[in-house]
Amino acid sequence: MIIIGEKINGAIPSAAAAIESRDEAFIRKLARMQTEAGAQYLDVCAGTAQEKELDTLKWLLEVVQDESELPICIDSPNANILKEVFPLVKKPGIINSVSGEGDKCDVIYPLIQGTDWKVIALTCDDNGIPYTAEKKAAIAFSLIERAAGFGITPERILIDPLVMAVSAVHDSMIVFMDAIRLIKEKYPTVLTTSGLSNISFGMPFRKAINLNFLALAMSAGMDSAIIDPSNRDVSATALAVDVLMDRDRCCRKYNKAYRQGKIGPLQKNQ
């Protein structure tokens with residue numbers, strides 16, 4: 001399971017306040033906390049007004065890379081801003097994201113051609129986010145095929161099938177899992193990813209929805225998640241699924257995390 005730490009994102013109120021005030025210590029704390037919790041990448045998203053985004057993202061990248069050696073998942077809805085900050089990232093990471101919208105592929109794919117960078121590809125286009133698994137998969141296939149023209153192989157692509165809120169679309173979990181299976185059937189080496197929060201929007205006790213979404217999505221073949229790696233329940237769920245799916249040899253990762261106190265009941269001194 002590839003864990004992309006989600007906490008350095010201006011869409012989160014506490015991070016937004018720190019970004020607005022240029023609270024370097026708080027941003028460093030978020031980077032350090034997620035690194036120590038076992039993230040493999042750190043998502044960095046300014047989440048500010050468009051006129052401030054470029055300058056803010058440059059500042060965030062400088063602070064985060066000074067604090068942590070983890071590769072960065074640079075995150076912006078604006079492909080041109082991603083292109084602008086790309087040279088500032090010290091090691092290959094993940095571009096977040098491309099889609100079938102506008103000219104995003106034409107900007108991002110040439111940028112990572114001939115590199116070790118990965119890219120998150122969203123299953124939406126100029127018509128919006130489709131509701132069926134078949135249409136989501138069709139957009140994914142198009143994005144994968146366009147990437148091939150730039151020498152970008154499927155294993156460097158993380159498809160996000162964009163799960164809808166179950167409060168609005170009752171079968172969104174089923175559609176999401178079906179989309180993953182369809183995509184994996186045609187391109188078995190492509191990776192898949194998602195955040196957790198969209199599925200539970202508008203629901204009470206969102207934690208229960210989010211954790212079960214993670215388990216079900218992983219069982220359907222989801223390879224990655226954009227999550228808070230310091231959340232003990234999320235980490236325990238991901239590790240437990242890997243055990244149950246026979247992806248954790250002799251349960252080593254699960255047992256190690258328990259011994260280190262990263263999962264399980266909190267000790268009194270924690």
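**View 1. Strand 2 and its bridge partners.** Cys45 has Asp75 in strand 3 as its bridge partner. The chain passes from strand 2 through helix 3 (residues 50-67) to strand 3, a right-handed β-α-β crossover; right-handed means that, with the strands pointing away from the viewer, the path from the first strand over the helix to the second runs clockwise. This is a predicted model, where local features need pLDDT of at least 70 and side-chain atom pairs pLDDT 80 or more, while totals for chains, interfaces and linings use all residues. Residues are numbered from 1 along each chain as its sequence is written, and side-chain values use heavy atoms, with hydrogens and water left out. Strands 2 and 3 (residues 72-75) run parallel, joined by four bridges. Strand 1 (residues 2-9) also pairs with strand 2 in the parallel sense, over four bridges. There, Val44 is the bridge partner of Ile8. Strands (E, at least two residues) and helices (H or I, at least four) are DSSP runs numbered from the N terminus; pairing takes at least two DSSP bridges.

**View 2. Side chains of strand 2.** Five of the five residues of strand 2 (residues 41-45) are buried, so the strand is largely enclosed by the rest of the structure. Buried means under 20% relative accessible area (1.4 Å probe, protein chains only). Tyr41, Asp43 and Cys45 point one way, Leu42 and Val44 the other.

**View 3. Cys45 and Cys73.** The whole structure has zero disulfides (cysteine sulfur pairs within 2.5 Å). The sulfur of Cys45 has its closest cysteine sulfur in Cys73, 9.3 Å away, too far for a bond. Both residues are buried: Cys45 has a relative accessible area of 10%, Cys73 of 0%.

**View 4. The largest pocket.** Its volume is about 790 Å³. A pocket is an open set of points on a 1 Å grid over the protein atoms alone, where a 1.4 Å probe fits, with protein on both sides within 12 Å along at least five of seven lines; lining residues have an atom within 4 Å of a point. Volume is the space filled by probe spheres set on the points, which are joined across faces, edges and corners. The lining has 29 residues, with Ile3, Ala37, Gly38, Ser235 and Leu239 nearest the centre. Helix 9 gives the largest share, five residues.

**View 5. The second largest pocket.** This pocket holds about 690 Å³. Of its 26 lining residues, Asn9, Asp75, Gly195, Asn198 and Ile226 are closest to the centre.

Conventions. Buried means under 20% relative accessible area, exposed over 50%, partly exposed in between (1.4 Å probe, protein chains only).
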